[in-house]
Structure formats: C-alpha cells, structure tokens
Amino acid sequence: MALTTAPGPTRRDTGSVRPPAKRGAGRNRHGEGLAGYLFLSPWLLGLMAVTAIPMLLSLYLSFTNYDILTPLSEVEWVGLANYERMFTSDPSYWHAVQVTLKFALIAVPLKLAAALGVALLLNRAWRGVGLFRSLFYLPSLLGGSVALAIVWVSMFNRDGAFNSLLSLFGIEGKPWVNDPDWALQTLMVLAIWQFGAPMVIFLAGLKQVPTELYEAASVDGASKVSQFWNVTLPMLSPVIFFNLVLETINGFQGFTAAFVLSNGTGGPVDSTLMYTLNLYISGFTNLEMGYASAMAWVFLLAIAVITAIFFSTGRFWVHYSDGEDR
Amino acid sequence: MTATATTAATRPRAPRRAGRGQAVRLVILIAIVAVVLYPLFWMIGTSVKSQEEIVNNIGLLPETFTPGNYVDGWSNFDLSFGRFFLNSAMVSLLTVVGNAVSCLLAAYAFARLRFRLRGVWFAVMIGTLLLPGHVLIVPQYILFRSLGLVGGEWPYLPLLIPQFLATEAFFVFLMVQFMRGIPRELDEAAKIDGANAFGIFRHVILPLSRPALVTTAIFSFIWTWNDFFRQLVFLSDLEDYTVPVALTLFIDSTSQSAVGPMFAMSVLSLLPVFLFFLAFQRMLVEGINTSGLKG
C-alpha cells in the first residue's frame, strides 16, 4: 500500500535527492548513518508502536470475538466469522457502505466543481484576490469542528436559517435534519461549503499554466470556452487528480458532523450512518472490537483499492507536461 | 493576471469589456462570499438571541441583545467551560510542541542524512500519509488501555504520545519538502567548518526551517483544537473533557432552553481558530500550497 498511495512527488523527490549523496560522503559516512537513525528514532518508534503494531493487532483481532471486557489472553479465534457477518448478515453494515459511497460520490465532485469554479473567478491578480481567497478558505478551517456541525444541524432544523430563506420564496420547509431522505444531504452541503481548501490548491495550479498557451490558443481563434477545455483543464489535470484523491479519501472518513447530527446513532433511520460512525458504534458502543477491527481492515483495503484505481486510471487523463516540475 | 494583460494587448477592443467583466466577476464573488459567510454570521447572531427570538426571529440580528447566553453556557454543566477550554488548550499546545519537535527531527533525517533503507522508510512515511486514523483507533485504544493509560492518572497521554512520535506524516512531508529548498552549500560550508550532522541541524537547518515550523504549529494547533474523534474515544470523565467533547453534551440535553447557550459556547470554541486565521491567514493559505504541490 505504501507505494500505491504515494502521491505524485515521491518518486521524483527521492530521485532528485540521491545524486548529491555520493558527493562528499567520504569519511563520516558511518557517523552520518548513525545520526540518521538517531534523528529518525522518534518517527521509527511511532511507526512501530502507534501504527504498525496496532495494525497487526487489529488484523489479529479481526479474526476474534474480542470485546474490551475480556482479557486479551482469553480471546476466542472465530476465523472469518466477522467478515462473513459483515458481508452476509449485517444489513446495517451494507447500509453504512451505501451511505458513505453516496456521500462521497455526490459531495466530492460538487465540492471540487465549486472549488474550481471559484478558483477560475479568482484567477486574476487584482487587489481583492487575497481577501476573497482567505474568506473562502475560512470554512475549511472551521467546518470540521463540532461547533460548526452543531450550527449546521440547527440551520437545517425546523426553525433554522435555511427554512427562513425558503419562506422568502413562499416555500414551506421542513426539519431537514430529521428527515431520512434529506439528513445526509445537509451533511453534503456542509462538506461542499468547505470548498476553500481545494480551491486554494486549484489557484496555485492555475498560476502554473503558461500564458503562452492561452496566447497561442487565442491567436488560433479559440474561444474562452474552448480555451478552458483544451488548455486550462488538461494543464490543471495533475491538480484535479491530487484534489480528487485527497477529497475522496477525506469524504469517506466523514465522522464529526454525522455524529453530531444523529447524536452518535447514525439516524434518522440510519440515513447518516457513515462508515466510520458505524465502526465507532460497533467498537465503542457495542464493544464488539473484533468486529470493528474487521470493519477497519476492509475500510483500509477499500481505500487502498480506490487509490490504486485512481492512480491506474490517472495516466489516461492526467497530463504531466515535461519540465513543469522543476 | 498576465493572461488578461497579454490577451488584452493582442485584441484592441478587450480593455473596456474586461472592465465590465471584472465588475460582473466581482458581483458574483461578493454574492458567493455572502452565502459562504452567512452560516457564521447566523451563528454569532443566534448566540446573542433570547430563547424566544431563537424560535421566532430567524433574521441575522437579535432585537434584544442577550449576552446572557454566554454566561449560562459557560456554567451549563457541572464543570464550567473554563475547565474544558483549559483542557483543550493544553492538549493543543502540547500537540504543537510534539509535532514540531518530532517531525522536524524525522524530516531532517529524510531530507539531509544518508543512511541505510532511507528510501524504504521514506516510502513507508508517504504511505502513512493516507492512512485513515479511524483504522487505527480500535487497536490503539486497546493498547493504551492495556498500558493503563486510558482514563489513567493523566488521560491525555493516548492523545499526546503519537504526536511526540512524528506520526503526523503530513508535517514530516511538509518539512522534508521545505528543507529540500535550503541550499546544500550551507551544509557543505558548515561541514568544512567542522560541523557534524548535529551541528548542521543546530546551526543551519533549525534556524532556516522556521517558516515550516510555524506552518506546522498553526496547523497542528487548529487540527487538534477541532479534532473530535480521538478525544471522544479517549476521554471519558467530564473533568477531562475538551471543548468539542463538552459541546456534544448540549446535544444530549434535548431541552430547547439550551440552544442559546449552545450557540454561545460554539462561537467561543471557534474563536481561537478564528484568531489564528486572522493572524496567519496568508501563511495558512500558502501552507497548503507548499505541502501539496510545490514539490
């Protein structure tokens, strides 16, 4: 997984550092190797104690019926029972998968579209740009918090701001967050509202597009629309790819807002039962930690597979221009 | 910018149209800003509305200014929010220290030192960048609990230990990228002056890495301050609660009367993040650029 998920720069970076390594290695090469491991030791310890060992432990536990109450030494090996239950006899698991997919499939493209659209509007250097950019970015800083989730739920409740807006147009609203058909959508809107972070990345990408390309295109008589499709989008495709991978993975992990909306239950009628919330409920409410571990591993594999799919399809539509990296 | 300027030069009639286009663009942008910021203003407005107005007056501004919500919210539970703010501040600040120190050390090793398996470890580090924290929470909980650290004497250890072990790969990556921009000639010069790896770290890399350290500090403060999942899992006693966990207590208490205080405390809880935003907005916005793209 390590290699498949490595974002674009990695291979290039390790490559670009290596050449000077030979130069001046000379006499204290040995000392430097020691120093290297010394500086790396907190990270290595963390990798082992906080990442690798827990991962292996959870892999083992996923084949047991471990609940937190019985001691680790007395857990019972149940083979594939947890996985079987997940895939065959736990409707709420599949429901959570569907909710999560639906959330990611709708919210992520809309969020990226909003980010790109606003970035294109902002992509000119004039005095106000910095201010706008910051204001649009603000929701990305605040939006993941419990406080904002609370505000959001109130806003889409019966007496909330959204219904008052609708009433201006003579539409009678409803308590959206209590409606199983709409609760998840309010969370999608919250995610889209945080379009500022990918927008900033789009803006940086737009700056990299060589202006000569637009000049050449307009000399050839290309319209603004065709310039967008034939110059901007292809040149921006590495950035789109980056944002798409990042936001999809983030989208799958939505937890806080769903927890706040449903008070930790995934309701109304399981409509906001995101995968991570379901995992939390299994592990920490029902204390079925073996089962929750199995869920965690399937989640990890699913994310790895999706990332791998992104990277393998990426070469068909992501356009890397030579020398742009330097 | 240059795009407009140059196309304008090739097409004589463009300037006036560009002026009008600019105005339209500005109007659209202002409209979007209004929509985007509305929830924040609504939150602040609601936090100073009386209970009656919260239900009946759905406008932004209160008719009667009711700052009492802040007083009520502050002491709505058995412990005051002052306690929760202190807890949050402590966790966030210690996280900042842990991330800054441990990630800087790891980044220096990756960016500058030669040692066996460096490429492998670097690939592993990049791999952990995309590792969802939710995957690790169950086994981490079990391990920390078996060590007696969950709900232990000082219940924040499970939250803080990972932060002192450079597990936030994002910051390691960010610092590696930054350090690669520091000219190697400085290392070489220090080496000629007799500095070893530690000397170079102390006298060259550390002082020059300040911008990356500041970015790391700001982001780790904000992320920890806003984090909910880990704090929810690891903190179980009211006296240990951080602000986000305490805020969820408002949801449990279903009584309508708590809405004003709930909003007041929500506003207060966002205040530190907002102040950081005001102070460091340029750095924040640029920070995500350097991390992701400028390889």
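How many helices and how many strands are there in chain B?

1. Chain B holds 15 helices and 0 strands, where helices (H or I, at least four residues) and strands (E, at least two) are DSSP runs numbered from the N terminus. This is a predicted model, in which local features need pLDDT of at least 70 and side-chain atom pairs count only at pLDDT 80 or more, while totals for chains, interfaces and linings use all residues. Residues are numbered from 1 along each chain as its sequence is written, and chains are lettered from A and ligands numbered from 1 in the order in which they are written.

2. Of the 295 residues of chain B, 43% count as buried; a residue is buried if 20 or more other C-beta atoms, placed from the backbone, lie within 10 Å of its own, exposed if 12 or fewer, and partly exposed in between. Among contacts in chain B between residues at least 6 apart in sequence, 72% join residues at least 24 apart, a contact being two residues whose C-beta atoms, placed from the backbone, lie within 7 Å.

3. The unreviewed UniProt entry lists several spans of chain B as "transmembrane region", among them residues 120-144 and 156-179, although such annotations may be inferred rather than shown by experiment. In the model, residues 120-144 of chain B are 88% helix and 0% strand, with end C-alpha atoms 28 Å apart, whereas residues 156-179 of chain B are 62% helix and 0% strand, with end C-alpha atoms 31 Å apart.

4. B:Ala166, which lies in the loop between helix H8 (157-160) and helix H9 (169-180) of chain B, has a positive phi of about 55° although it is not a glycine, and B:Ala166 is buried, with 29 other C-beta atoms within 10 Å.

5. B:Leu117 also deserves a look: its phi is near 70°, a positive value in a residue other than glycine, and B:Leu117 sits in the loop between helix H5 (81-112) and helix H6 (118-129) of chain B. B:Leu117 counts as partly exposed because it has 13 C-beta neighbours inside 10 Å.

6. The contact between the chains takes 94 residues from chain A and 85 residues from chain B. Helix H2 (residues 29-61) of chain A gives the largest share of the chain A side, 22 residues.

7. In chain A, helix H8 (residues 183-193) has 9 of its 11 residues buried, including A:Leu187 and A:Trp193. Elsewhere in chain A, the peptide bond from A:Gly267 to A:Pro268 is cis, with omega near -5°, and A:Pro268 lies in the loop between helix H12 (256-262) and helix H13 (275-285).
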